[in-house]
Amino acid sequence: MQPTNGFYGEFGGAFIPEMLYPNVNELENEYQEIINSEDFQDEFRNLLRDYVGRPTPLYFSKNLSEIYQTNIFLKREDLNHTGAHKINNTIGQILLAKRLGKQRIIAETGAGQHGVATATACALAGMKCSVFMGEVDIQRQAPNVKRMELLGAEVIPATSGSKTLKDATNEAIREWINNPVDTHYIIGSVVGPHPYPDMVAQFQSVISEEIKVQLKELIGNENPDHVIACVGGGSNAIGAFYHFIDNGQTNLIAVEAGGLGVDSGKTAATIALGKKGIIHGSKTFLMQTNDGQIVEPHSISAGLDYPGIGPVHAYLADSGKGKVVSVTDEEAIKAGIFLSRKEGIIPALESAHALAYLEKEKFGKDDIVVVNLSGRGDKDLATYQKYI
Ligand SMILES: *Cc1c(COP(=O)(O)O)cnc(C)c1O
């Protein structure tokens, strides 16, 4: 699924301040050729295999399959180095940055997961790394701040606005404008101005590429009937959907964070509630007031706590090619504890949203259902603890 001139239908584009044009233009002119070169693909594939630990297993969950009376496979992105899918993207972007002659990386992070994945890739590639993080998040996510610092990154507090993710993003963009020549900005999901959504989707598409090969080997058919993934910005979801879009067979199910409930005022269900608008350089659905101010989202999982959604998901939802649903904080917690006890796998709270959807739809006895387990739950122990 590639955008046309930077757009997925009416969504996407690069709505950026003029000061940012040189940076974004350079990327747009170069990224396709670099990513598609043999030299890049060799280095990227080797690192995914030997450093990240790919391919990740596609695990047939006998226990869940019996309980839900269908065939459930878990794509184990939780087994990647650093514990989630985010590393697929940061490794890809660091190799791109090197080929663009950049010496320094900046990134924004909310919960710190993308910051850790970026700091990891920078340590590996010998790049200087600065991560912008809201002051409030620095306090809430202290272990990830320590990880980034141990990995050699500098964590810069964002002190404006609500002192959270969107403020960190604004400050990272400001920093990039001031350092267009030597600095590359690694965005952590399929959001931001073109070409980021497409670039990140290409790096994450390795997930569905592997699912195809693995399903073919396991059941003799490479296309599942359903793929379920949680969606914050949407990078693990599009990675899991990528090679199944338009095959006429696979239902693509994106699960948003409903928070306390879609109508509770404390939610991150962007497609359910959002209206069209522009956020971080891209036209998509976003949660906003009547006069266009961004509404603070809420989710129990920090990784889904984003007021927008990647333009490709806005397009899939709007065109009916994909389905977007939501589950609440409580349903996600329950599903996370359930998987821990039924399979001995503690999922990230983000991934638990995808699992919670298994309660909501009755799948056929012969259906093949793939759930993308985007990350592991060690980081969420304190939250789980309150519910057991
Ligand atoms: C960051 C994160 C997410 C949400 O980001 P997407 O871009 O929507 O994938 C989901 N799961 C985990 C484990 C994460 O760390």
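Axes here are lines fitted to C-alpha atoms, for helices over the stretch in contact, and angles run from 0 to 180 degrees between N-to-C directions. The model shown in these views is predicted: local features need pLDDT of at least 70, side-chain atom pairs count only at pLDDT 80 or more, and totals for chains, interfaces and linings use all residues. Residues are numbered from 1 along each chain as its sequence is written, and side-chain values use heavy atoms, with hydrogens and water left out.

**View 1. Helices α4 and α5 pack at an angle of about 45°.**
Let us start with α4 (residues 86-99) and α5, whose axes are 9 Å apart. Helices (H or I, at least four residues) and strands (E, at least two) are DSSP runs, numbered from the N terminus. The two helices are therefore oblique to each other; angles under 35 degrees count as roughly parallel, over 145 as roughly antiparallel, 65 to 115 as roughly perpendicular and the rest as oblique. The crossing of α4 with α5 is right-handed, a term used if the near helix is turned clockwise from the far one by less than a right angle, whereas anticlockwise makes it left-handed. On the α4 side, the residues that meet α5 include Ile 87, Ile 91, Ile 94 and Lys 98; among their counterparts in α5 are Ala 117, Ala 121 and Leu 124. Contact means heavy atoms within 4.5 Å. By class, this contact has eight nonpolar, six polar and two charged residues. For these classes, Ala, Val, Leu, Ile, Met, Phe, Trp, Tyr, Cys and Pro count as nonpolar, Asp, Glu, Lys and Arg as charged, and the others, Gly among them, as polar.

**View 2. His 114 is buried in the model.**
Zoom in on α5 (residues 113-125) to find His 114. Its relative accessible area is 5%, and buried means under 20%, exposed over 50% and partly exposed in between (1.4 Å probe, protein chains only). Not counting residues up to four places away in sequence, His 114 touches Lys 86, Asn 89 and Thr 90, and also Ala 107, Glu 108, Thr 109, Ile 186, Ile 187 and Gly 188.

**View 3. Four strands make an open sheet with parallel pairing.**
The strand order is β7-β6-β5-β8. Two strands pair if DSSP finds at least two bridges between them. At the edges stand β7 (154-158) and β8 (183-186), each with a single partner strand, so one side of each is left without a neighbour in the sheet. From one strand to the next, the twist averages 25°. Parallel strands β5 (residues 104-109) and β6 (residues 128-134) are joined by six bridges, and Arg 104 stands opposite Lys 128 in β6. Helix α8 (residues 165-178) packs on this sheet, touching β5, β6, β7 and β8, and its direction makes about 160° with that of β5.

**View 4. A second open sheet has six strands and mixed pairing.**
Here the order reads β3-β4-β14-β9-β10-β13. The edge strands are β3 (58-60) and β13 (323-328), each with a single partner strand, so one side of each is left without a neighbour in the sheet. Neighbouring strands are turned by 25° against each other on average, direction ignored. Look for β10 (residues 251-259), which pairs with β13 in the parallel sense over six bridges; Gly 259 has Thr 328 as its bridge partner in β13. Helix α10 (residues 206-219) packs on the sheet and touches β3, β4 (71-76) and β14 (368-373).

**View 5. Strands β11 and β12 form a hairpin.**
Two residues lie between the strands, and β11 (residues 275-279) pairs with β12 in the antiparallel sense over five bridges. Lys 275 stands opposite Leu 286 in β12. Strand β12 (residues 282-286) is largely enclosed by the rest of the structure, because four of its five residues are buried.

**View 6. A cis peptide bond joins His 194 and Pro 195.**
Its omega is about 15°, and Pro 195 lies in the loop between β8 and α9. Helix α9 (residues 196-204) is mostly covered, with nine of its nine residues buried; Tyr 196, Met 199 and Phe 203 are among them.
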